[in-house]
Amino acid sequence: MRKEAGSFPGLRKFLWGAATSAFQTEGSPRSDWTRWKLRDEADRRSRIRGVGHVERTGEDLALLSELGVNAYRFSVEWSRVVPRRGEWDRREMDRYVRIAAGLREAGIEPVVTLHHFTNPYWLVGRSGWEDRAVAEEFLRFAKRAVRCLRDHVRVFVTFNEPNVFVAGGYLGGMMPPGRKNVRDGFEAYANVFRAHAEAYDMIHAQGRERAAVGVAHNMVAFHPASAKSALDGWAAKVAHSTYNMGLIETFRTGTLSVRVPFLMNEEVPVGVRDKLDFLGVNYYFRMFLRMSPWSLKGPEYFWEDREGRRLTETGWEVYPKGFEEVLRSASLAGVPIVVTENGTAETDDARKIAYMRDHLRIVHRMSRDGIDIRGYFWWSLMDNYEWLEGLRPRFGLYRVNFDTLERKPTAASAYYAGHVRRSLAAEAAARRRKI
């Protein structure tokens, strides 16, 4: 499977952008996340209205022009467009179409995610993605949404972080549907791949221009807690092969195979071979694994500041070398890479800028080394609702006052705008030299 970015109009230029997801900025009154482990009334309100993006859509999209980016990744909230079984809210869908059309008119490439963690509450009350009927409902929604968007959108992400969706929802029980069932998790993962395969064919059949279709894959730099421990090293190796490479191998072979010693040894064809035009990579941190021979719970995982950079405000290690590690691993997929998310939650702008600077250096160096990277998206355009932590983490290029919903630029937004401006100028100069 070897695909060139030049085959896809939406990926011919390097995409410099920012990313958001609908639920985290708009909220929804009818998603499975709306009622999931609510903390209090303020938390409930945040899940219903997000950070006021619906009311401030025009103002927020103007921030993209202020940054000078040429791409914007956003998602369509399934539960807003299909609020009840059999209903289609045309007004909600039209709003997403207007966003995409406006972006194209402004010279900003819309990159649309069709599934970003959330499901309509009416759909998953009794079963989840382990049930093929849920995947079939998603495909009905995706087909109609793509038909509405096809005149304006050339780059689609079918699923955001399928490994996080399955691990959090079916193994750790931290996300809806809150299961701890390995068998259900395997079935759900298989159904996500099957849905991607059908969506891939459907999108390519509908678009006027050749669309680029990918997934956004969360990748972690797994390291052993102790370099001297064979057990720690073994745990890190298994985590990398399962969590990072499992999805990539599934697209390479068309078969989902999960082989975790003492836990699962299963494989099933899922029909995704050669159905990936680019691989989105979401990278944030390095994680350490410690394995005790006396523990029956599996490896312990944790973050630790071993580079003297201090942990981020979410407790994650800042480790740019890990970005290089995962990008090299991602290149084994044999398709162009788009960094669909990279970012840090910091209220200290100097620390946010340092993180951005060091990770952007990796992107440029990997590109010079021949890794086919076609885009970089900072997470996130503005502060938003973070799934497990609510409004506390501040990932945004723009700071949001959660009382007034006023947006203010951080110093990181100016730094990013300058970097994008210089990079686009350098790319334009390089193109002129080739003429």
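In which sense do strand 4 and strand 5 pair, and over how many bridges? Strand 4 (residues 155-160) pairs with strand 5 in the parallel sense, over four bridges. The model is a predicted one. The protein has 435 residues, and its secondary structure consists of 12 helices and 13 strands.

**Overall form**

- For 435 residues, a compact globule would have a radius of gyration near 22 Å, and the value for the protein is 21 Å, which agrees.
- Taken along the principal axes, the box filled by the C-alpha atoms is roughly 60 × 50 × 45 Å.
- Buried residues make up 59% of the 435 residues.
- The accessible surface is about 18300 Å², and carbon and sulfur atoms account for 51% of that area.
- Taking contacts between residues at least 6 apart in sequence, 74% join residues that are at least 24 apart.

**Strand 5 and its partners**

- In the pairing of strand 4 with strand 5, Val157 stands opposite Gly214 of strand 5.
- Strand 5 is also joined to strand 8 (residues 278-290) by 10 bridges, and these two strands run parallel.
- Asn218 stands opposite Asn282, a residue of strand 8.

- Ser329 belongs to helix 10, which spans residues 320-330.
- Ser329 has a relative accessibility of 13%; because the cut-off for buried is under 20%, Ser329 counts as buried.
- Apart from neighbours within four places in sequence, the residues in contact with Ser329 are Met219, His240, Met245 and Ile248.

- Met174, Tyr301 and Leu388 make a nonpolar surface patch of about 310 Å².
- Tyr301, one of the residues of this patch, lies in strand 9 (residues 300-302).

Methods
Residues numbered from 1 in each chain as written. Predicted model: local features only at pLDDT ≥ 70, side-chain atom pairs only at ≥ 80, totals over all residues. Heavy atoms only, no water. Patch = residues over 30% accessible without salt bridge, like charges linked within 9 Å, V, L, I, M, F, W, Y side chains within 5 Å. Areas by Shrake-Rupley, 256 points an atom, 1.4 Å probe, with all protein chains shown as cover. Salt bridge = Lys/Arg side-chain N within 4 Å of Asp/Glu carboxyl O. Rg over C-alpha atoms; globule rule 2.2 N^0.38 Å. Buried < 20%, exposed > 50% of the residue type's maximum accessible area, 1.4 Å probe, protein only. Contact = heavy atoms within 4.5 Å. Pairing = 2+ DSSP bridges.
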